Amino acid sequence: MIVLTPLRKFTFPVNAECINPDVFQGKDTAEIANLTVFEGNKQKKLSELFKIQEDGAESPTITINGDVSEVRRIGVGMKNGEIVINGNVGMHLGEKMAGGKITVNGDACQWAGGSMKKGLIEIHGNAGDYLASPYRGSTAGMKGGKIVVDGDVGSDSGAYLHGGLIKIKGNNVGQFLGFHMSDGVIHVEKNASTRLGANMTGGKIIVSGYVEEVMPSFTIDSVKPKVKVDDTESVAGPFYVFLGDLAEKGTGKLFVSKANNPHLKTYEKFL
Amino acid sequence: MSIVKSVTCPICGCLCDDIELTVENNEVVKVKNGCAICESKFIGYRGEHRIKTPLMRKNGKLVPVSMNEAVHAAAEVLANSTYPILYGWSSTSSEAQRVGVELTEEVGGIMDNTAVVCHGPSILGVQEVGIPTCTLGQIRHRADLIIYWGCDPWSAHPRHLERYTSFTEGRFEKSEWKAYMQKLKAQAGQKKMQSAMRIESGRTQLRPQTCSIPGMPQTMSKDGRKLIVIDVRKTMSAEMADYYIQVEPNKDYELMQALRVLVRDGELDVDKVAGVPVEYLKQVADALVNCEFGVIFFGMGLTQTAGKFRNVEVAISLVRDLNMRTKFSIMPMRGHFNVTGANVVSAWQTGYPYGVDFSLGYPRYNPGETTCMDVLLREENDASLVIAADPGANFPKKAIENMVKHPLIVIDPHMNATSMLGDIVFPSAFVGIEVEGTAYRMDHVPLPLKKVVEPPKGILSDEEILTKILAQVKLIKSKKTAKKAEA
């Protein structure tokens with residue numbers, strides 16, 4: 001097990017794709033110290049930025065103690081192992097990850113878990129914009145795995161979702177949640193913002209709290225007493241069920257709590 | 001005295017190339033064909049704010065220095081920086097922009113142009129769904145339905161209507177000018193009648209809401225080209241529209257998505273979208289579907305309001321849907337005269353249109369991560385070069401505060417807000433007046449800019465200044481590598 005501690009506060013962006021259990025596996029501390037990172041446009045060794053310590057455990061686990069909010073691309077494409085970050089972490093955390101687990105005891109920046117395929121990301125603070133969303137212009141969103149965020153989430157999260165589960169427990173969620181999603185589940189335990197599920201063609205978004213408005217391109221389908229989140233969990237309602245997005249001829253489902261959204265009662269005349 | 005014909009105007013993205021200038025004693029004395037903004041630039045460019053020599057900040061004050069000293073200092077700053085920003089590029093020639101890309105690559109910085117605070121979201125939208133577009137000539141001759149969404153060409157692109165859209169006499173489409181004049185007369189009569197009715201009823205009506213009554217727009221439909229204006233307020237352009245949709249602020253996305261459903265013959269569960277009755281939207285959707293060739297022009301009202309690039313994306317999706325029923329195009333109303341060129345040059349040289357990061361040695365692009373505004377707000381930069389733009393006047397306070405914390409190099413003809421904050425200031429010649437070059441019109445058509453007068457003595461063009469700095473940076477870098485090799 002490797003413990004990394006930042007030697008100072010970073011002001012320039014640090015690109016550290018090498019902080020990855022797959023890369024660290026089979027290397028001793030000297031080899032790990034020699035791995036290349038970029039601070040701004042200056043190429044450096046990992047040991048110039050981090051104190052690297054090893055403790056006895058065999059598992060390919062990395063612990064980072066301290067604020068690494070300027071360190072980007074940690075755990076990109078990781079297939080197994082575990083990363084624990086005790087502090088805030090920078091952009092592109094666990095992008096395209098295909099297995100393993102990342103735990104953040106702090107906030108995560110934009111594109112956390114972008115396009116991930118498998119594995120688990122737990123963020124105990126807030127997450128930035130584009131959580132689980134793909135790179136600009138790409139339609140390859142998250143395909144599988146699970147992301148749990150205890151705090152708030154920024155805008156455009158879960159865009160182009162193709163599978164997997166995103167659970168959001170915070171009070172604030174940015175707009176365009178689940179944009180153009182085609183499969184998978186997003187569960188918002190509290191309130192959600194506007195433009196929920198815009199352009200979605202499949203999958204489901206469950207909101208247990210308040211929603212200011214539902215996009216005009218959604219049509220009401222029914223009222224359901226409860227809804228399934230995954231194989232092990234279901235949420236009790238009742239929920240208004242909206243179908244959409246009609247502008248994309250979509251059949252995505254939007255479950256919105258009936259009790260917390262009395263202003264959506266006007267839709268009941270179409271039932 | 002000499003008359004120079006077919007001069008291209010270096011102001012806005014319209015790049016009108018029919019300007020006639022009268023030049024006397026190396027000064028422009030008369031401007032023909034141009035709009036008010038064009039005239040004020042060609043007549044007023046030699047103002048009192050012109051910088052005459054390179055300046056450097058010494059003991060807190062900008063003092064005149066030699067060109068050599070300034071170039072050396074600027075090159076030192078850039079060559080030794082870790083994460084420099086090279087921002088601006090929109091009011092200069094594509095030739096200078098090309099040198100800029102090489103300089104940015106050499107110093108491993110970020111090259112960003114003014115699109116980042118303007119039509120950058122349009123580019124992101126295009127990258128999501130593509131863009132069906134055409135040249136302005138096509139629109140002039142063939143378009144029979146024009147939509148201006150979130151922009152006011154009457155005020156911001158004054159000759160757009162007259163040269164390319166409604167008021168121009170195209171080969172297959174007639175000018176709407178006559179009809180507009182008739183409409184104005186009819187409206188004046190209507191207003192008189194309304195005021196008579198108000199006096200009669202003893203009530204004063206505060207603001208006539210255009211779309212408050214379903215199916216009753218306060219506009220007169222005309223034969224020929226249709227003009228639709230969608231804006232949050234009734235602008236000058238909206239006054240002459242056939243349909244005017246007053247959308248609630250920040251609700252453009254909902255409106256467009258609803259229009260998409262209507263264009264697909266779908267039904268909506270709501271009565272009003274973004275404050276507009278669905279009945280009225282149905283009429284507009286009919287007009288959209290029944291035209292032969294329509295075009296949407298959009299401005300900051302879409303790109304810089306809630307939703308940003310998603311607004312543009314949905315606008316393009318609407319155009320895509322309309323193309324299943326008729327022919328439709330879409331085009332952003334670009335601001336600076338060569339901001340399109342900045343995108344084109346950057347894309348041609350690096351693969352990406354703006355916000356290109358060379359810090360890892362190869363170009364990377366991810367707006368939000370590599371765009372200069374975000375870098376400034378996260379306080380990651382350690383030096384800046386600003387050319388042909390004035391962020392000092394329009395960036396958020398926090399961004400500018402951070403920009404001036406570190407060395408700031410400015411290349412500009414004027415002593416503007418950014419030059420006053422600069423540490424090293426280079427005076428440059430006006431592109432399109434004192435230097436020739438190439439600029440790209442908003443429809444990506446490259447046009448030549450003319451040199452009509454000589455620049456003041458000792459004043460170089462942006463391209464020449466950048467070339468000098470680049471040569472010096474290369475020299476410093478080669479010395480550094482030689483030292484390393486020795487060690």
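**Exercise 1.** State how many residues the largest nonpolar core has, and identify those with the most contacts inside it.

*Solution.* A nonpolar core is a set of buried Ala, Val, Leu, Ile, Met, Phe, Trp, Tyr and Cys residues joined through C-beta atoms within 7 Å. A residue is buried if 20 or more other C-beta atoms lie within 10 Å of its own, exposed if 12 or fewer, and partly exposed in between, with C-beta atoms placed from the backbone. The largest such core has 219 residues. Those with the most contacts inside it are Ala74(B), Ile147(B), Val295(B) and Ala315(B). Two residues are in contact if their C-beta atoms, placed from the backbone, lie within 7 Å. Leaving aside residues up to four places away in sequence, Val295(B) touches several residues, among them Ile139(B), Ile147(B) and Phe328(B).

The model is predicted: local features need pLDDT of at least 70, side-chain atom pairs count only at pLDDT 80 or more, and totals for chains, interfaces and linings use all residues. Residues are numbered from 1 along each chain as its sequence is written, while chains are lettered from A and ligands numbered from 1 in the order in which they are written.

**Exercise 2.** Determine whether Val77(B) is buried or exposed, and which residues it touches.

*Solution.* Val77(B) lies in helix α2 (residues 67–79) of chain B; helices (H or I, at least four residues) and strands (E, at least two) are DSSP runs, numbered from the N terminus. Val77(B) counts as buried because it has 23 C-beta neighbours inside 10 Å. Not counting residues up to four places away in sequence, its contacts are Ala383(B), Pro407(B) and Ile409(B). Val77(B) and Leu408(B) are 331 residues apart in sequence, and their C-alpha atoms are 8.9 Å apart.

**Exercise 3.** Describe how helices α10 and α11 of chain B cross, and which residues make the contact.

*Solution.* The axes of α10(B) (residues 252–263) and α11(B) (residues 278–290) come within 9 Å and cross at roughly 65°. Axes are lines fitted to C-alpha atoms, for helices over the stretch in contact, with angles from 0 to 180 degrees between N-to-C directions. From α10(B), the contact is made by Ala258(B), Leu259(B), Leu262(B) and Val263(B). From α11(B), it is made by Leu281(B), Lys282(B), Ala285(B), Leu288(B) and Val289(B).

**Exercise 4.** State what share of chain B is buried, and how many helices and strands the chain has.

*Solution.* Chain B has 19 helices and 21 strands. Buried residues make up 51% of its 487 residues.
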